[in-house]
Amino acid sequence: MIKNVIAFALLAALGSIFAALFLGYVPDADLNLTARYYADHTAQDVGAANVVTAIIVTYRGFDTLGEVTVLFLTAAIVGLVLAQTRVGNRGGVAPLPPSGEVLQTGTRLLAPLIVLFGAYVFVNGHLSPGGGFQGGAIVASAVLLLLLSNPLRRFSHRLITRLESTVGLVYVAIGVLGVVLAGGFLDNHILPLGDFGSLFSAGAIPVIYSLIGLKVGAEFSSMMVSLSETEDS
Amino acid sequence: MSDILFAMTLLLAAAIIGVAIMAVNPARSLPIAVLAGGTVSLFSSILYLILAAPDVAMTEAAIGSGLTTFLFFFVLRRVQGGEDD
């Protein structure tokens, strides 16, 4: 009873805060100082058609490195917690009923297409909406589909771990190269800017975003694979 | 924002609130609540698209409604249902 009262009081307080925010909201007539700077200077400075990508990878590149690190830590902790249950509990697992024909055939058809779409999203991150995080999640959803169609399918943990750590090292190495060759950590001018709007443009942004995509995809996949492998034990 | 888009936004917001109430309703089972949470993410990703934020919409659709829902189901299986609170 007292729990419900406290919960309703908290909800009412939150609601009043949001109501005050909503009633006092006036849409901005023009961009504020920071947004105006990004909108005006991104095309010349960074050469990326997608301003959001320019901010994520170049202007705020260090934050992105932190985000990827947080995701890596999450995947590592999931693997660490589940690693104890993985060994030893192999025998005596009841065989699962096979998944349906439609799901299996559909997976065989769809999984390569989903991986291709994920790769498209992160390679074109500097031109179209989306980028490393979105593309990586799409690639991981292909792995999830494979796991759903056959829960006993095994993925190579060694391959996922190697891929993840190599890509992370290359990412940091590109950042340090930016200090040596260009203006600072994760500066994208270590490669020529190229034609605005073409695939090979915006300096190192496509390279960095592809690396982030691979890293995020590997991390999400490793989480899904560890959870699914230890599920039936 | 045109009138059709505004009406669509209102409809989506109402749908989000309805599904969210479904998600927190204690009378329903846990899998239904997880599915309702995923639906909230899916609807809000469409809302982000209407509000001209396609990057956020893609993240919400892929991670919020796709991977997280299945993550919850994997964890639900591991904790053996966990129906009693």
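Q: Which pattern does chain B follow, read along the sequence?
A: Happy to start there: this is a predicted model, in which local features need pLDDT of at least 70 and side-chain atom pairs count only at pLDDT 80 or more, while totals for chains, interfaces and linings use all residues. Residues are numbered from 1 along each chain as its sequence is written, and chains are lettered from A and ligands numbered from 1 in the order in which they are written. With helices (H or I, at least four residues) and strands (E, at least two) taken as DSSP runs numbered from the N terminus, chain B has three helices and zero strands. Its pattern along the sequence is therefore α-α-α.

Q: What percentage of the residues of chain B count as buried?
A: A residue is buried if 20 or more other C-beta atoms, placed from the backbone, lie within 10 Å of its own, exposed if 12 or fewer, and partly exposed in between. The C-alpha trace of chain B spans about 50 × 25 × 10 Å along its principal axes. Of its 85 residues, the buried share is 18%.

Q: How many residues of α1(B) are buried?
A: Helix α1 of chain B covers residues 3-24, and its end C-alpha atoms are 32 Å apart. That agrees with the 32 Å its 22 residues should span at 1.5 Å a residue, the expected span being 1.5 Å times one less than the number of residues. This helix is hardly covered, and its count of buried residues is zero.

Q: How many residues of chain A are in contact with chain B?
A: Contact here requires C-beta atoms, placed from the backbone, within 7 Å of each other. The side of chain B that touches chain A divides into seven nonpolar (Ala, Val, Leu, Ile, Met, Phe, Trp, Tyr, Cys and Pro), three charged (Asp, Glu, Lys and Arg) and two polar residues (the others, Gly among them). Twelve residues of chain B take part, and the number from chain A is 15.

Q: How many of the 18 residues of α6(A) are buried?
A: The helix reaches 26 Å from its first C-alpha to its last, close to the 26 Å expected. Within chain A, the axes of α6(A) and helix α5 (residues 101-123) come within 8 Å and cross at roughly 170°, so these two helices are roughly antiparallel. α6(A) is mostly covered, with a buried count of 16.

Q: Is Leu193(A) buried, exposed or partly exposed?
A: Leu193(A) is found in the loop between α7 (157-181) and α8 (205-229) of chain A. Its contacts, leaving aside neighbours within four places in sequence, are Gly47(A), Ser201(A), Ala202(A) and Gly203(A). With 18 other C-beta atoms within 10 Å, Leu193(A) is partly exposed.

Methods. Contact = placed C-beta atoms within 7 Å. Axes fitted to C-alpha atoms, helices over the stretch in contact; angles between N-to-C directions. Parallel < 35°, antiparallel > 145°, perpendicular 65-115°, else oblique.
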